[in-house]
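Me: I have a model open and want to learn to read it. Please take me through its features one by one.

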Amino acid sequence: MKEMYWRYMVQIKAWQFYLEAYTERAYRWDKGINVFVAVVSSTSIAGWAIWNQFSYVWGVLIAVMQVLTAIKSFLPFGQRLQTLPALQGAIASVYNKIEYNWYQVYSGTAADETINQMIYEFRSQLSEIESSHMKDLILPERSDIKKNADKRAETYFSGFFGNVKQDGVLRAGTKENYMPLPLSSKLPATQANPQIPL
């Protein structure tokens, strides 16, 4: 059960990073569209003398701007930006509880039945959060974002719990590096504490 809890904790943290990266991408797209529309519309009168020479290019830019303005409300970026930050906050709150309970799980003070109950309750909470925040929102899976989220999760757990990668899998560190250490007291990777399988 200890290993199951650890994997669940890693999975939820990676999901947090995944949603964060998805939000950042949606923000960049939304901002790019807004900047493009603003630049094209604000230079339309001021740059008319210049654009007279390049009327074809100017016509294409105006057409693209008008299409973007017309369809912007149907593009997913704005809806994602309205939904994802609140979803991320709710998931972060649950994740903090998951990580807080890790000590009981890791130290052995929580029985298997208790651990199973914890996982069940966290899954129920996250399911409710997801259904209440993502009603009509669809997030197509992006392998590049997933890869980035996995890498960020690995960095997070290695920095917070010590060297946790073993046989290509994130594993819990020793009891000595359970608690986060100040960066100055971290051992270099070559002298990292030995890892124990759960």
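Reply: First, the ground rules. This is a predicted model, where local features need pLDDT of at least 70, side-chain atom pairs count only at pLDDT 80 or more, and totals for chains, interfaces and linings use all residues. Residues are numbered from 1 along each chain as its sequence is written, and side-chain values use heavy atoms, with hydrogens and water left out.

Me: At what angle do helix 4 and helix 5 pack?

Reply: Axes are lines fitted to C-alpha atoms, for helices over the stretch in contact, and angles run from 0 to 180 degrees between N-to-C directions. Helices (H or I) are DSSP runs of at least four residues, numbered from the N terminus. Here the angle is about 175 degrees, and the axes of helix 4 and helix 5 (residues 112-133) are 10 Å apart. The two helices are therefore roughly antiparallel (over 145 degrees; under 35 is roughly parallel, 65 to 115 roughly perpendicular, the rest oblique).

Me: Which residues of helix 4 and helix 5 make the contact?

Reply: Contact means heavy atoms within 4.5 Å. Helix 4 brings residues including Thr83, Ala86, Leu87 and Ile98. Helix 5 brings Phe122, Leu126 and His133, among others. By class, the contact has twelve nonpolar, five polar and two charged residues. Ala, Val, Leu, Ile, Met, Phe, Trp, Tyr, Cys and Pro count as nonpolar, Asp, Glu, Lys and Arg as charged, and the others, Gly among them, as polar.

Me: Is Thr83 buried or exposed?

Reply: Buried means under 20% relative accessible area, exposed over 50%, partly exposed in between (1.4 Å probe, protein chains only). Thr83 counts as buried because its relative accessibility is 14%. Leaving out residues up to four places away in sequence, Thr83 touches His133, Met134 and Leu137. Compare Leu61 in helix 3 (residues 55-71). Leu61 is partly exposed, at 23%.

Me: How does helix 4 pack with helix 6?

Reply: Helix 4 (residues 76-107) and helix 6 (residues 143-161) pack at about 40 degrees, with axes 14 Å apart. That makes helix 4 oblique to helix 6. Tyr95, Glu99 and Trp102 in helix 4 meet Tyr156, Phe157, Phe160 and Phe161 in helix 6.

Me: What is in the largest nonpolar core?

Reply: In soluble globular proteins, nonpolar side chains tend to be buried together. A nonpolar core is a set of buried Ala, Val, Leu, Ile, Met, Phe, Trp, Tyr and Cys residues joined through side-chain atoms within 4.5 Å. The largest has 37 residues, and Tyr5, Met9, Ile98 and Trp102 have the most contacts inside it. Helix 1 gives the most to this core, twelve residues.
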